[in-house]
Every structure is written in C-alpha cells, then in structure tokens.
Amino acid sequence: MVGKVEPVNGNVKSGSNQSTPAATQAATLKSDLLNSLSLKSLKLKTKQQELLIRVSILCLVYVLAFMTRLFSVLRYESMIHEFDPYFNYRTTLFLTQKGFYEFWNWFDYESWYPLGRIVGGTLYPGLMVTAAIIYWVLRFLRFAVHIREVCVLTAPFFASNTTLVAYFFGKEIWDSGAGLVAAALIAICPGYISRSVAGSYDNEGVAIFALLLTFYLFVKAVNTGSLAWALASAFGYFYMVSAWGGYVFIINLIPLYVLVLLITGRYSMRLYVAYNCMYVVGMLLAMQIRFVGFQHVQSGEHMAAMGVFFLMQVFYFLDWVKHLLSDTKLFQAFLRITVTCAVGVGAIALGVGTASGYISPWTGRFYSLLDPTYAKDHIPIIASVSEHQPTAWSSFMFDFHILLFLFPAGLYFCFKRLTDATIFIVMYGLTSMYFAGVMVRLILVATPAVCLISAIAVSATIKNLTLLVRAKNKAVSSGSSRGTSSAKGSSKGLIDHSQPFQRNGAIVLLLGAFYLLSKYATHCTWVTSEAYSSPSIVLSARGAHGNRIIFDDYREAYFWLRQNTPPDAKVMSWWDYGYQITAMGNRTVIVDNNTWNNTHIATVGRAMSSYEDEAFEIMRSLDVDYVLVVFGGVTGYSSDDINKFLWMVRIGGGVFPVIKEPDYLVNGEYRVDKGAAPKMLNCLMYKLSYYRFGELTTEYGKPPGYDRARGVEIGNKDIKLEYLEEAFTTSNWIVRIYKVKPPNNRW
Amino acid sequence: MKTSMWLDLFLFTIAILWEPVLSDLVLSKVERRIDLTSQIVRITSTIKVENTGSDVVSEVLLAFPDSQASHLAYLAAFLNEGKGKVKVPASSFHVEVVHPKDMPPSLTFYSVSLPKGLGKGEILTLDVLSVYTHALQPFPEKITQAEIQLVLFQESAHFLSPYAVKVQSLSIKLPHARIESYTRMENTKIHGSEIKYGPYENVPPYSYSPIAIHFESNQPFAVAQELVREIEISHWGNVQVTEHYSLVHDGAQSKGEFSRLDYQARPYARGASAFRRLVAKLPPRAYSVYYRDEIGNISTSNLWGDTKKTELEIEPRYPIFGGWRTTFSIGYGLPLRDFLFQLDGKRFLNFSFGCPINEVVIDTLIVKVVLPEGSKDISASVPFPVKQWQETKFSHLDVVGRPVVVLEKTNVVPEHNQHFQVYYKFNSLSMLMEPLMLISGFFFLFVSCIVYMHADLSISKSSASYLSKLQWEEVLATIQQVQNIINRCLPIHDKLEASLRDLSRTGDVQACKAARKSADSLLKELSKELKLLVAFLQSSLQASQILPKVEELVARERELQERLMVKHSTVVDCYEKKSGGREIENRVASHQQKITALKLEVDDLLEFIDEI
C-alpha cells in the first residue's frame, strides 16, 4: 500500500525517501532539487517577462534618443546653435534672472531700434518657461547647473519624452509592439533629430512632444469617451499653444478629423465628449497666451474648429430629435431644414464677421502653406528663408530613409483595420505629408506620423512572419515529442507539408526586414553625426593634411562687438544675424529674425543696396553706429551676404520702388565680376564686402581679389569708403564690421 | 597738461630743498637700476647706509613722491651680503608706511626697520626693490595701426631721500635702442638701450631733479582690471581652479581703421603694440584645462606639460590693440596631495596668490578659496596685507553651503606670486554625506514607486469603472487559477503514460492499476475545482469575451483525460490478457492519434489564454 501512495505525493517525497539508501545519490538529488526550486522561484511568468522586456526596451530607446543627439556636444561644445535659439536663450536667461512677471512685461530696447519689441507679448513662452522650470527644479534639488546646459539639453530631453509618447500612441492605435517600434523609429529619425540635437534650443524641440502628446491624448479621449482624457488633451493643447505657432495645425486637423468621422457615420458620444471638452477648455486655456490672445474666436485660421464645434451640437440635437421622432419621413424633413438652417446661419455669421473685420482673414503664412507658390509672389521675406522652400525628393529620402517606403505599407495596414484611432493617424500622416512637401521645415511635423505609420507596417509584418516561424517550430517540436512518446511516426500532422517554403520564406523575409532596419539605424546615425550636428556658428573644414580647421569667426566678431564698442552702439546687419548680435554681442540691432516689421527690414535692405552716400543718410536716420556684413570670399563660405543680396534688393524694392531688381542684374544674371551691373559694383553691400579684398590673394595661382565663394575675380578692386571705416574684420574675413563716421563739421 | 606737471615737480623740488636733515644717517653710496623692459617698472636700489650720529638707529626711511607712491605695487628691502644678488626671504626687512612729523607734504614715507639697529659708525648695505604699475605713460595717447607705441617715463636723476647722499648713480634699461628723447644732464651716457646718469656726489637731502625718457615700447600692456581666482577644494582628490580675467590693453589707444589685411600681411609692422597671445604657467600635473568666455569655448589655445610645470598658451579671440578689452576664463584641476597638507590636526592649503600669466598687471585681484562643506575654524595667512572676508557658496548637493575665504588685493604684480595658506578643520566622514544623500534620494524614489504601485489610489470606490476594474482583476486571477490547475493536470497525464511504459518494461499490472487509480482521484479533485472556477467565470460579466475559450479549454482537457483513461485501461487489459504487442498497438492507435491532437489543441488554447 505504501508503494502505491508514493507517486501520488509527488517528487519531493520520493526524493526524501530515497535519500536513505545511498548518500551520494541523495546529495545529487538534493542539489537538483535546490536547482529546480531556485529556478522556479526566479522564473518569471510570461506576463512579467513581457513587461520586463518592454520596459527595458523603452528605457534603452529613451536613453538612445538622448545620446544620439549629443553628437554636436562631442564634435563641438555645449553651445546654442543657429539663429532663433539665441533669442530663446537670451529670453530664458532674462526669465531666470528677473522672474516671470518681469519677463511677461519685458520691453526690449535692444532690438528693432528705434521701435523696440514687446517681447512678452510677441513670443511663445512655452520653451523658456519649460527650461526655466527645469533649471529651478535642478537648483532646488541642489544641482548647481548653468542655465546654458539646461537650454542645450532641453531638446534631447524632450525628444526622449517624445519616444515615450510615441510608444503609448502606437499602443493606442495598434498594439504595444507597434508602440515599441514607433518609439525606436522616432528616437533616431533624422527628420526629428535635425531640430532636436543638443544645442538646438528652439520651439520645435518641445513642440513636437506637445503635438504628439495632444494627439495621443485626444485619440485616447475619443477611444474611451472619458472626460479626464479630453481634459488632459486640452492641457496638452495649451502646452502646444504656449510653445509653437504650429498649434494651428492641431486646431485644424482635429476638426477635420471629427468632420471625417461625422461623414463616415462614426459619430458617437465618445467623440462628442472628447471634441467638445478639448475644444472649449483648450480654447479658453490658449487665450491665456498673450501672443495668441483672442485669435481662437477672431481669426480665420481658427474658424474651422468653431464651425465643427457648432456642427457637433447640431448633430447631437438631431440625434436627440431622431430618438424622439419615430417617423423617419418627418425626421428626414426636419434634418433637411435643420442642416440648411445651420449651414446658412454659419455662412452668414462668417460672412458678417469677415466683412465687419471682426474675423481677420487668413494670413500670408497660412496661404503659403496651402499654396506653395503663394509666398514667392507675395511675401519675399518668407520665400527668402531656405527652410521655407518646397522640399526636394532627396531631402525626403535623407530625412525618412526606409520610412518613406514603409509609410504606404503602414497606410495599407491602417485601412485594413479601420478604427477611430487609425483614421486619425492616417489623416495626420496624409495632411502632414502634404505640408512637408510644401516646406522643408515641416518635415518635422510629418515625422511622428510617418514613424507611427511605418511602425505599424514593421510591427504587423514582423508579427505575421514570426507567427509563421513559431507555428512551424511548435509543429516540429511536438512532432518529435510524439515520436518519442510512441514509436509511431505515421500520424504526423497534415500542417507540416502544407506549404514547404513558408517557413524558409518567412525567415528570409525576417532577415530582410532586420537588414532594412539596421540600414535605417546606420543611416540615421551617419546623418546625425555628419549633417545635423553642426552648430552653424562655428564652421569646420578639413585641412590639407586631414586635420580639422575651425572657423570661429562669428563669435570672434560678436565678442569684439561686446567688448570694444560703446554699450549703446546700434548695429545694422541683415536680419539673419540680429538675434545672434543681441545675444552674443549684447548690442542693439536694427532688425532681427523676428521679422514682424517688413518696412523696417526693407529699409535695411534699401540701405544695403544703395550707393554709399544714400545709404549714409538712411543709416544716419536710423542712428547706426556699426554695420556688420558676412563675407565668404576668403574661405569659400557660400551662405554670406553677397549671396543673400538679391533678397535684400527684392525685400527693399517691395516697399521702396526706388530699388529695382533689374538694376543689379545683367541680362537677368547675378554677377559680381567685371561684367556686373554698375549699380551692383557700387552699392553699399558690395563695397563693404569687398573693401580691400582686391589686394588679397586668396588662392594660389589665381589673381588677387579672387572670390572663392563664387569662383570669380571681383569686378571692383579699388573701393574707397567715404562715410564708413573698417572697424574690425575677423581672422578669416567671414565677418566684417564697419564704423559709421560722424558727419563732417560744417565749417 | 604735461608742462604743468613738470612745473609742479619743479616747484615741489625747490620747496623741499630747504627742509631740515632728519637724523644722523648718511647714505654713502646709492646705485639705482631701473628696468623698463616691460610695462612693470622695477627699480632696484642698492643703498649703503652709514650712521654718523651717536645714537643707535633702528629704522631707515625711504621717501617716494605721492605721484609715484600711488603706482607703487610692491616694496621690499633685503640685506645685501656681498656681491651676489642673493635674495633670501629670511634676510628681508619689515617695511611699513609711516607718517613722521615735520616732513614735507606730498611725500610718502616707508620705514625699513632694522632688527639689530645700527650703531655708531656702522655701515649697512640694503637692496630695495620697488615695483610700479601704470608708471609708463603712452605718448602720444592715440596711435594708428601703423604707428609704434611710444611711452614716457619720469623719474628723478637724484635719489629722493631724507638723508644726504654722498655718491649715487642711476642706470636705466630700455627694451630697444630706439629712444625718442631723454633728459640730458651732466654725466649722462647712453650705451645702446641703456642710459646712465651719474655718478653724482654729495647731494643734499630731498634733492629731486626730474628726468623724462620717451622711448619705444611694444611690450604687451596687458592689464587685468579684475581677476577673480576661485580655488575649490574637493577632498575626493582634486583642487579646481577657475580664473576669470577682464583684460585690457593699457598702452596707447588705437585710432582709425583696423585693417585685417595689413595685420595679416605684416603683423609686426602693422599692429606692433598689439598682443595676440599670453602664456600662463600652471602648476605641474594640471589636468582638464579649459579656456572659454561668456559665449563659449575659445579654440585657439595650446598646452604643454612636463614634470615641473604646465604651460598654457592662450590666444584671445582677436588681437588686443590699445584700448581694446576682452574677458575670458581659464580653469584647471590639480591633484589635491600637491597642495593640501596637515598640521596639528588642522588641514591647510598652500597655494600661490598671484596670477599665472607672465607680466600682467592686476588692478584688483580677488582670491576665493572654497572649502568643503562642513569646514570649521577657518583662518588664512597671507604674506602681505589683504582685505579678507567670508562668504558662502552653494554648489552641487550642498545643504548649508561651502565656506569661502575671500582675499582681495589691489595693484598686484608678479612679485606677489607667493604662497598663502588657508587653515581649516574638516572631518573626513563629512565627505560621505553627499553620496549618501544621492543614494537615499534614489532609495526614496524607488520606495515611493513601489508604494504607488501597491497602493489603491482611486478616489471613488463605488464608481463603475473602478468596480469593473476590480472584477476584471478577479477574472484574471481566476483564469490564472484555471491555468494552474490545467498545468497540474498535464503532469498527471504524463505520469499515466509513464506508468504504461513501466508496464511494458516490468509487466507489473498491479502497480499500473494503482497509478491509474490515484491519477483518477487526483484528476477528479482538480476537475471539481475547475468546475467551481468556470462557474464563477460564467457568472461574471467581464469574462464574457474570454469565457468560450476557457470553456473550450476545460472541455478539451476533460476529453483528453477520458481518452487517456480509456487508453490506459485498454493497455492494462491487454496486458492482463497477455495480448501481443502488435495487437495492443492496433487497439490503442486510434486513441493515440486523438490524444496527440487534443494535446496540441490544449497547448494552443493555453497559449492563447496566456496572451490576454
């Protein structure tokens, strides 16, 4: 009887019973036992394993997104990049030093002389406040960081946060696998990295995070119909409004999406709750930003959202009436009347509002987004910026790489499984892709959508393939176990022979997918390190021996201005350099990158394109003490003022018809050599750029005065300055500063 | 302006010629050497003092006109022992400002106190080194880029002294042989770049005969208007030094155009007085050296190092012409053991006071020594008078702040590069405070995460979503239990199979039957439990989605059990009837096929449920 009970009690007991006869055997058994016990206690459940893997992948992606943006710090130094970030840095510095209220009421005398600029009311404060809060928190936690370090690392930090949002968004629209892939893709996508490397302290750095967060929260709100999520998305929208002018995209895309849902008959209570809450609360919150103010109710760009809001109410009302009326015919009639009335009232309201001037018409920037050719004809100041040009195919390829091919595949998967969420991502993807085609810089807005949709493609494909591979594996393993349990092999399943190449095909496809993804990773790293990590303040080139040559001329000139000019000196330069001069040179400028006053810029353009005596009069009337020009003729630096000069002429000529573009061209051709137009050879910009350049030999075997940026010998080598004198020229001649002489004594 | 100054000096000279003789001291021989090779004027005077009176004299007075005294940066008197210029600090005398009575105005007196006193007829030879800053006046005050810089130096050919001087001579060393003009007197000789006045004999006290020398000097007139040196001690093994310079070229102001072309083509003719580089001599083993300013790193610098020193050559962003200014910071780390020592339970830092850059005049030097948090009993000892106070600095992870000893001194020249000491007490255990703070910070972060994960933070315990969440959790737990039970069933199936194999080996039918019985009873118990769980799932609304799968799983499992039992009993029967192996196989085959299919299905279902 004892023998019968034994197996019932399980392995443990039998082990202990057997331990008596042979000590050695017992020892081995015991150790086995211990092993199995410890393994069992360590072994995680599948759920936990999955969670662990997911969390660790997310952590790695988070760190990766941060690290890959640090190339610029390694290559150069921890510094602020480009143009606009310098203004943001300056304002952040002001905010941290003087406090929020001073910042809010800041009237800046150092820019737009003599007009000045109400900084507090003409900027999106989100970025500065974010950086200042991070700074204050770190200070509170006793980390003695410098505000510059905080500003430099803000963009990478928010890029990391964006990966998290991308994960949750992906999870919401597809599954957690797609979320993970989306997080990984967006972490290294060059289209996003270009605006979020360390040092690129610009609004876009936090705005993309805010944009994606708002979309995610809104989709979540639509999916759940929960007020809490809708409220959260309203706050996300508020953050976005405070951070970037691109919020207009949200306030137009979401109504469009709601409209599409209404048309496709996907109207639901969830949608009603989500949109109304998000719109009303979001609008009220957005009005707190001074720069935006009452635009939500007054500007034509925001009217779509309001229209859809009222449409929702009409829909709800109709729903209610339909619920009350059982007669369909009656309801049809009622429907017709109501819809006609609603549309009529809306149209009349819009017409009256526009006519009375209460609703402002669409701005030029908005038009130029819808119509790529608009800016070229009407607003030269927008068209003159290189990042506002229509996008070339190559830059799509450069910024998206394989995502460009995965995007349509992802769209296919989305259409195969249409839900409210996938409809949203499809619309986001398609509209932002259009805008990315209109303007180079809007590739940035398209990047999250492209990453998410591509992630769906990648995730769905790989999931299907691995399912195939795993199914085969199981069949084989179970087949073999069957083989051992019974000698009979005849009963092997039918599945084994069904598709002989399926498994191998799946493996090959999997390998191909991994190959593509690894190519993507190497491409992204390469692009980041080579193309997007240059601060553009410091230029670097390869010397003849392969050594690295640094051209630090900009900072040389700005620091010279800061140290060796009177503190109230006014500097005139083309608007590109305005922010940098005020931030690094700490001197007053006439115009800067906040191009709010076209006439003022045109005046500077006019001065630059006039003869010296005329320009002197203009400069006297503007109180100019120093003139700064950027010149690349010695180093071959091509984005200098001579190459930008035609835009100065165009913008100047747009306001002052005295300046005519054809005067500076010869047969429609822009030249600086002997064949150049006489007006060109004697205008202020030409003189200041090439002053005494004719005596300099720049390249061996070329005549003196050979311009390396344009590859010609200059046409006017004997330049005399009457009203200005050279005050400073940097070591590579990239920046030249001239002092305006005081007028001659009258006696 | 210049002429009026000359006139002043002249009147002043006449006025003081009539003053009475102070004491019985006579200077039997005075030799002065003036070094004008740099912007810092160094006057070395060898003075032979003779006591002709009867009393013992314990102090020697040195007189300076106020105009000179205001430029005086450093004054030291040494005992001259023979010919060699041995300047051992031990033999230096104490020098201090005195205001003796009945002295002519506009003179400043310094008294050299002689510790032993000078008896009657005794002779003592003194070496007096006086160093002046801003004593060279650029003239003309503004020059263009092409012009050279000329400076003017004014002195007296006679040694200004309250005592009579028997024999004296003066030699002036200039940087170049190019001299624009100099005051000619009797006995004036010029040898290349050196001018000699004298010897003059039997000059009465307070005689002053002004001379002026106008000469070319293209030496860098680098003046640091303010230099803040911050020396931060970390007991983890390093001393971090940060120096903030605010530098100006104090020579002739530049006027007119600055032409880069000219400067590049002929830097020494066009821009001779400008300076483009400075060399800082840092202590040996300096590491992580940086050179930057407010707007970022400055890439033009070089660093060499050997075991005795580290040399840092820095180039400002632009060449510094007359009147141009620049600011920058350099920073470096040093090993702690080279500078921190212990004495009587106190620690002390021994560090050099002045600036490491050669020939720079510092108008205001502020040295801040940042001691570790928790230092006590702080005191500083500096070899010359300085202003002293304490501050507090907050750095990483500081709670009460680090005590800072601040020393301020104006008019500093390289002669002030002497060591000073800061004494303090510090408990080594305080070093561990900051790491512990970090560790505990992370600890509390994780603990709060754990607490958050385990705490139920929902506001309304009766809300629908909360209840449904609870139910869902219950359902999940039940499904987990179902899985567990089925996972327990599967080994029992295996055991049955094993018993069949045993049977085929040993032929022990009874054991096999017993195995079946026990398995049967176990399975029955388990299926009872299963029934309860499934019943619960059926009652729960939340489980409606998953219920069919679970039910299917349970059904398949049941079927599998039955099939196994049937197979088992068939095989055992066959053995009892002693049937042949082939026959058994034939009879079992259909069951076997079904069993494997069922097993597969159960596996699939388990996996599916697992993925929820």
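Author: What follows starts with the salt bridges and then turns to their surroundings.

The model is predicted. Side chains of opposite charge can pair when their charged atoms come close. Over all chains, the count comes to 55 salt bridges.

Start with A:K687 and A:E612. These two form a salt bridge, and their closest N and O atoms are 3.1 Å apart. A:K687 lies in helix 33, residues 684-690 of chain A, and A:E612 lies in helix 30, residues 612-621, so the pair ties together parts that are 75 residues apart in sequence. How accessible are the partners? A:K687 has 13% relative accessibility, so A:K687 counts as buried. A:E612 is buried as well, because its relative accessible area is 4%. The cut-off for buried is under 20% relative accessible area.

Next comes A:R650 with A:E661. Their salt bridge has its closest N and O atoms 3.1 Å apart. A:R650 sits in helix 31, residues 641-655 of chain A, while A:E661 sits in the loop between helix 31 and helix 32 (678-682), so this pair ties together parts that are eleven residues apart in sequence. Here the accessibility reads as follows. A:R650 has 28% relative accessibility and therefore counts as partly exposed. A:E661 has a relative accessible area of 26%, so A:E661 is partly exposed too.

A:D707 counts as buried because its relative accessibility is 0%.

Now chain B. B:E230, B:E232, B:K393, B:D398, B:R402 and B:E434 are linked by salt bridges. Take B:R402 as the way in. B:R402 lies in strand 30, which covers residues 402-412 of chain B. At 11% relative accessibility, B:R402 is under the cut-off and so counts as buried. Its side chain makes a polar contact with the side chain of B:D398, at 2.8 Å. B:D398 is also a member of the network.

What else does B:R402 touch, leaving aside its neighbours within four places in sequence? Its contacts include the charged residues B:E232, B:K393 and B:E434. Those three belong to the salt-bridge network as well. B:E373 and B:E391 are also in contact with B:R402.

Chain A has 33 helices and eleven strands. Of its 747 residues, 52% count as buried. Among contacts in chain A with a separation of 6 or more, 72% come from residues 24 or more positions apart. The accessible surface of chain A comes to about 34,200 Å², and 64% of that belongs to carbon and sulfur atoms.

UniProt (unreviewed entry) gives "domain: STT3/PglB/AglB core" for residues 570-628 of chain A. That stretch is 51% helix and 14% strand, with end C-alpha atoms 10 Å apart. The other annotation, also from an unreviewed UniProt entry, is "domain: Oligosaccharyl transferase STT3 N-terminal" at residues 55-453 of chain A. This span is 74% helix and 1% strand. Its end C-alpha atoms lie 22 Å apart.

For contrast, look at a nonpolar site. A:I133, A:W136, A:V137, A:F140 and A:L141 form a nonpolar patch on the surface. Together they have about 520 Å² of accessible area. A:I133 is placed in helix 8, residues 126-140 of chain A. Its relative accessibility is 43%, so A:I133 counts as partly exposed.

A:L509 is found in helix 26, residues 502-530 of chain A. A:L509 is exposed because its relative accessible area is 53%. A:L509 and A:S72 are 437 residues apart in sequence. In space, C-alpha to C-alpha, they are 36 Å apart.

Note on methods:
Residues are numbered from 1 along each chain as its sequence is written. Chains are lettered from A and ligands numbered from 1 in the order in which they are written. This is a predicted model: local features need pLDDT of at least 70, side-chain atom pairs count only at pLDDT 80 or more; totals for chains, interfaces and linings use all residues. Side-chain values use heavy atoms; hydrogens and water are left out. Patches are made of residues with over 30% relative accessible area and no salt bridge: like charges are joined within 9 Å, nonpolar side chains (Val, Leu, Ile, Met, Phe, Trp, Tyr) within 5 Å. Accessible areas come from the Shrake-Rupley method with a 1.4 Å probe; for residues, only the protein chains shown count as cover. A salt bridge is a side-chain nitrogen of Lys or Arg within 4 Å of a carboxyl oxygen of Asp or Glu. Helices (H or I, at least four residues) and strands (E, at least two) are DSSP runs, numbered from the N terminus. Buried means under 20% relative accessible area, exposed over 50%, partly exposed in between (1.4 Å probe, protein chains only). UniProt positions are given in the numbering used here, feature names are shortened, and annotations may be inferred rather than shown by experiment. A polar contact is a pair of N or O atoms within 3.5 Å; within protein, one must be able to donate a hydrogen and the other to accept it, and residues adjacent in sequence count only if both atoms are side-chain atoms. Contact means heavy atoms within 4.5 Å.
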